[in-house]
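Here is a friendly briefing on one protein model. Please keep the sequence and the 3D view open while you read.

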Amino acid sequence: MKLLHRERNIVLKRRYSFRIALLFPSTYEASISSLGYQILYYYLNNFEDVFAERVVARDKELLSIETGTPLKKFDVILATAHYELDYIELVRAILRAGIEPLSERRNSPPLIIGGPSITAWPYPMSRIADAAFLGEFEASGREFVNTLFSLDKYNKKPFIEELTSVKGFWHPSKEKKEIVRVRDLDSSFHPIAQIQSEDAEPVWGRSYMAEISRGCNWGCLFCLESAVSGVRRERSFSVLKNLIEKGVEANDVDKVTFFSLSFFDTDLGERILNLLIEMGLKGSVPSIRIETLSDERAELIKKIGQKTVAIAPETGKDDLRWKIGKRIDSQQIFNAVSYLAKHDLSVKLYYMFGLPGEKKEDLDNIVEQVKEIKKIIGSRNKIKVSANPFIPKPLTPLWKYEMLPLRELKERANYLRSSLSQYAEVEIYEPRMARKQYEINIKGVDADIMIIGEAMKNLERDE
Ligand code: SF4
């Protein structure tokens, strides 16, 4: 058997009833950095009847990592999409694997798709996938496995009918869309052993990935993640302690990467960082909500060996920031940066441009703010700015606004790049790609032509 990747903690099975391909839309490095993908992998493999194998869309060959099985040969394909452009990558993978992309023309294997953008708005993939999954998979995972017994290689209809009767699974024939979520994270599955690659590194280096919480209560009006994941739920300290102790050992690592939309919302974040320090471990925290940062918390972040902290002012002017639901004022931003500066930490700042009602002076305010931040932090080398075109996302209150035309976005992007680069290292997400995400959503059920067309254009691209 040809091995695509050398890894530890891989699952192999001799006896099982169903083989599921977990199709990841991006590169292998991204797949081993995705905690959600690993949760799905180990969660499904906990069921005796199921053998779930990983297939990575941007691998040279569309074969499973575990057994080298072609994508076409699986009983079911479960595909994950993190945002709209992933649909194109997934369809490209399906085409490369010799599978018919349109649901009505394909009998086997059935294709089910899930992920944040699908949960918010499943329509663009509704003629391609046989069903969409909306929400957190573990909430309906057991019922999903039960439906596999109705699989028939020559007729997928009974399976799809049974599947879409399960909460969270959706097909255009079903009127009601229902997002399902896990209520209690403590009793929800979390993998201890995780994939550790011998020849590739996850984006944050080798570590144990630990999920602290899901959901977010801050209610920013543009935020897809919080709209999709709902109210905040966190794991308890004792459960996390147990996971970390076992996780670092099972993965032979000395670092923990934390996942949370709002890490310091309660004192759990501090307690966990103190635990890491006691255990002599390194760590990495996600982007921090600005008003939850303090001198003490910045010190803890420094002590776990993190060098840069990401915060998201979103825009430069207070009234525009408040209008998009981020109720933070400039002074709070400067305070947060001064805590980071005191502990010799660098800062990564996330901004958006092209917001509803944004004027030229709002862009100048971003530049002024970054200039001020540079004064506080002391050096251009310690500031990174990531500026992204505002994309109205379904399920969020700002979906009702139109996205700016491409030409206008490009002008604003160029203005920001040239004005900011003297104060910070600047990366700007390409307006063309941002518009594409929006257009896929706007086209809704008719997006299949665009998605398949784009996938075919890229078919010859080398991996
Ligand atoms: S704080 Fe962050 S995760 Fe929470 S709603 Fe606002 S942008 Fe979203």
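Predicted model: local features only at pLDDT ≥ 70, side-chain atom pairs only at ≥ 80, totals over all residues.

Residues are numbered from 1 along each chain as its sequence is written, and side-chain values use heavy atoms, with hydrogens and water left out.

- Domain 2 gives 17 residues to the contact and domain 3 gives 17 residues, where contact means heavy atoms within 4.5 Å.
- The size of an interface is often given as the accessible area lost when the parts come together.
- Here domain 2 and domain 3 bury about 1400 Å² between them, with 70% of it on carbon and sulfur atoms; buried area is the accessible area (1.4 Å probe) that two parts lose on being put together, summed over both.
- In domain 2, the residues that lose the most area to domain 3 are Leu-221, Phe-222 and Leu-224, together 49% of what that side buries.
- Helix H7 (224-229), helix H9 (268-279) and strand S13 (282-284) are the elements that give two or more residues to the side of domain 2 that touches domain 3. Helices (H or I, at least four residues) and strands (E, at least two) are DSSP runs, numbered from the N terminus.
- That side of domain 2 has 13 nonpolar residues, three polar and one charged. In this grouping, Ala, Val, Leu, Ile, Met, Phe, Trp, Tyr, Cys and Pro count as nonpolar, Asp, Glu, Lys and Arg as charged, and the others, Gly among them, as polar.
- How many salt bridges cross the interface of domain 2 and domain 3? The rule finds zero, a salt bridge being a side-chain nitrogen of Lys or Arg within 4 Å of a carboxyl oxygen of Asp or Glu.
- Four residue pairs are in polar contact between domain 2 and domain 3 (both at pLDDT 80 or more). A polar contact is a pair of N or O atoms within 3.5 Å; within protein, one must be able to donate a hydrogen and the other to accept it, and residues adjacent in sequence count only if both atoms are side-chain atoms.

**Salt bridges**

- Side chains of opposite charge can pair when their charged atoms come close.
- The count by this rule is 37 salt bridges.
- One of them joins the side chains of Arg-19 and Glu-53 (2.8 Å, N to O). Arg-19 is in strand S2 (residues 18-24) and Glu-53 in strand S3 (residues 50-56), so the pair ties together parts that are 34 residues apart in sequence.
- Arg-19 is buried at 18% relative accessibility, and Glu-53 is buried at 0%; buried means under 20% relative accessible area, exposed over 50%, and partly exposed in between (1.4 Å probe, protein chains only).
- Arg-92 pairs with Glu-89 in a salt bridge, with the closest N and O atoms 3.9 Å apart. Both lie in helix H3 (residues 85-96), three residues apart, about one turn of the helix.
- Glu-136, Glu-138, Glu-211, Arg-214, Arg-233 and Arg-235 are linked in a network of salt bridges.

**Two buried loop residues**

- Gln-306 sits in the loop between helix H10 (295-303) and strand S14 (308-314), and Gln-306 is buried, with a relative accessible area of 10%.
- A polar atom of the Gln-306 side chain lies 2.6 Å from the backbone nitrogen of Val-285, and this side chain also reaches the backbone oxygen of Thr-308 at 2.8 Å.
- Arg-106 lies in the loop between H3 and strand S5 (111-114), and Arg-106 is buried at a relative accessible area of 4%.
- The side chain of Arg-106 makes a polar contact with the side chain of Asp-130 (2.9 Å), and a polar atom of the Arg-106 side chain lies 3.1 Å from the backbone oxygen of Pro-101.
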